[in-house]
Amino acid sequence: MAIIGAGPAGLTLANLLQRSGVDCVVLERRSRSYVEQRQRAGVLEHRAARMFQEWGLGDQVLAGVPVDGLLEFRIDGVPRHLDVPALVGGRHSWLMPQQLLVRRLIVTFETGGGDLRTDAEGVALHDIDGDRPVVRYHDAAGRSREFACDYVAGCDGFLGLSRRSVPEGALRTYTYDHGVGWVTVLADTPAPRHPLLAVSEYGYAAQFPRGPHASRYYLECDPDEASVAWPDDRIWKQLRLRLGDDDLPIGEVTATSMVKMRSFVVDPMSYGRLFLVGDAAHVITPMGGKGMNLALFDAETLARALRAAVQDGDGAALSAYSATCLRRTWDYQEFSRWLLETVHEAGDASRCGPFRRELARARLERLFESPAAATAFAVLRAGVD
Ligand code: RFL
């Protein structure tokens, strides 16, 4: 089994296959330190944590990770809290920086004797529609290498080569531009008490913990703005305004990037003996914190299906892989879009007019007035099933 890419999808799949006794090699284009330090997601949903526990990886992955409790919506500077775990019977998600998950998955895989090859250049896939696909690449010393395998898992993200190895026209693609941009800021400032989404006439802003001494901030902006338009003093001024907090602590900005809110899905998520996993098959906006969790869901679905195919000769779950994953993908795309539209339209009325602004505010209000609406939201936010 060849796994292309050592992100959350590839490393989770590698660990689950290792536990299943299925041989695999992981090929990663980047260096180990690059992969271990790449900061992105920060929420591990309840279902994903339970999955690691069920596979006997709970201690290795979850030790010392804080749980996600209240969620704050700050509307025109006024805090409103949703007790997400209480709404779903005490089940909660975990505040886990993606790079910590990646580091732990690498340690666990290698401690178990796993074969992770970083700095693998020019990976190319051949015969993916035959019985024995062949993988070619150049190793860290520049030597050309190749091996044959039974299956290939394309876990190489949106820009990877796996999806591009599928013949033109074999996959249907869906793309969607949500028409929103964010400035994303990582800073050495105390984490907020609770993950915080702020809605106001000044535009959307958010603050999420990334460990005890760092925060990730998001600020709505014009999708075509360049990062030079957002020097540090503008960032802090706008955050104080939008979060309604004149005393918001200012710290060193360690990274800034501009992100366009876009979605992407391919159907089916497989071709021949190639299976696309995680961002290689679908991209979701960061709103709602579901991208990494979808990658983990795909990885587990594929691990179970491969185990059944390889060890029991039962290919039914492998045939159903794409349909199983796409059901969850579309469900989460809908959740992410719902929340994105709601918090952006409820703010600056120049976005979509005062009528839609009031509709979005009514949707937000319903979360605090209707236990049924709050529970439906909490089920998705915590990712309980
Ligand atoms: P990754 O993490 O992109 O890993 C793919 C790996 O493949 C390697 N690679 C190759 N290797 C070999 N040969 C090639 N030709 C290769 N091409 C690429 C890459 O170097 C990399 O190591 O994909 P994966 O594993 O599917 O994981 C997906 C998640 O990383 C992604 O969905 C999340 O980061 C999305 N996301 C969030 N998800 C959440 O669940 N919660 C969040 O709060 C959250 N916040 C975010 C996010 C993504 C963000 N970005 C990317 C804009 C916040 C941000 C800012």
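A residue is called buried when its relative accessible area is under 20%. By that cut-off Phe377, at 4% relative accessibility, counts as buried. The legends below describe close-up views of a predicted model.

**View 1. Helix α12 and its buried face.** Helix α12 covers residues 371-382, which makes 12 residues. From its first C-alpha to its last the helix reaches 16 Å, close to the 16 Å expected at 1.5 Å a residue. The buried residues in α12 are Ala373, Ala374, Phe377, Ala378, Arg381 and Ala382. Seen down the axis of α12, these buried residues fall within an arc of 145°, so they line one face of the helix. Just after α12 comes Gly383, which takes a positive phi of about 65°.

View 2. The structure holds 12 aromatic pairs. One of them is formed by Phe158 and Phe264, whose ring centres are 5.0 Å apart and whose planes stand at 75°, so the pair is edge-to-face.

**View 3. An aromatic pair between helices α10 and α12.** The rings of Phe335 and Phe377 have centres 5.8 Å apart and planes at 55°, so this pair is tilted. Phe335 belongs to helix α10 (residues 321-345) and Phe377 to helix α12, and the two are 42 residues apart. Phe335 is buried, with a relative accessible area of 3%, and Phe377 is buried at 4%. Both belong to a cluster in which ring pairs link Phe73, Phe335, Trp338, Phe368 and Phe377.

**View 4. Arginine charges over tyrosine rings.** The charged end of Arg30 sits over the ring of Tyr34, at 4.1 Å from the ring centre. In a second case, the charged end of Arg273 sits over the ring of Tyr151, at 4.9 Å from the ring centre.

**View 5. Glu45, a buried acidic residue.** Glu45 lies in the loop between β3 (43-44) and α3 (46-54). Glu45 is buried, with a relative accessible area of 0%. The side chain of Glu45 is joined to the side chain of Tyr332 by a polar contact of 2.9 Å.

**View 6. The open sheet of eight strands.** The strands run in the order β5-β4-β13-β14-β15-β12-β16-β19, and their pairing is mixed. At the edges are β5 (78-83) and β19 (282-283), each of which pairs on one side only. As a general point, the side chains of a regular strand alternate between the two faces of the sheet.

**View 7. Strand β12 and its two partners.** Strands β12 and β16 run antiparallel and are joined by 14 bridges. In this pairing Asp177 stands opposite Arg262 in β16. Strand β12 also runs antiparallel to strand β15 (residues 215-221), to which seven bridges join it. Here Gly181 stands opposite Cys221 in β15.

View 8. Five of the six residues of strand β4 (residues 70-75) are buried, so the strand is largely enclosed by the rest of the structure. Strands β4 and β5 pair in the antiparallel sense over six bridges, and Glu72 stands opposite His81 in β5. The hairpin of β4 and β5 has two residues between the strands, and in it Asp76 takes a positive phi near 50°. Strands β4 and β13 pair in the parallel sense over four bridges, with Ile75 opposite Val199 in β13.

**View 9. Strands β13 and β14.** Strand β13 (residues 196-199) and strand β14 (residues 205-209) pair in the antiparallel sense over three bridges. The bridge partner of Ala198 in β14 is Ala205.

Notes. Residues numbered from 1 in each chain as written. Predicted model: local features only at pLDDT ≥ 70, side-chain atom pairs only at ≥ 80, totals over all residues. Heavy atoms only, no water. Expected span 1.5 Å × (residues − 1). Buried < 20%, exposed > 50% of the residue type's maximum accessible area, 1.4 Å probe, protein only. Arc of directions from axis to C-beta. Phe/Tyr/Trp six-rings, centres within 6.5 Å; stacked < 30°, edge-to-face > 60°. Lys NZ or Arg CZ within 6 Å of the ring centre and 35° of its normal. Pairing = 2+ DSSP bridges. Polar contact = N/O pair within 3.5 Å; in protein donor to acceptor, adjacent residues only side chain to side chain.
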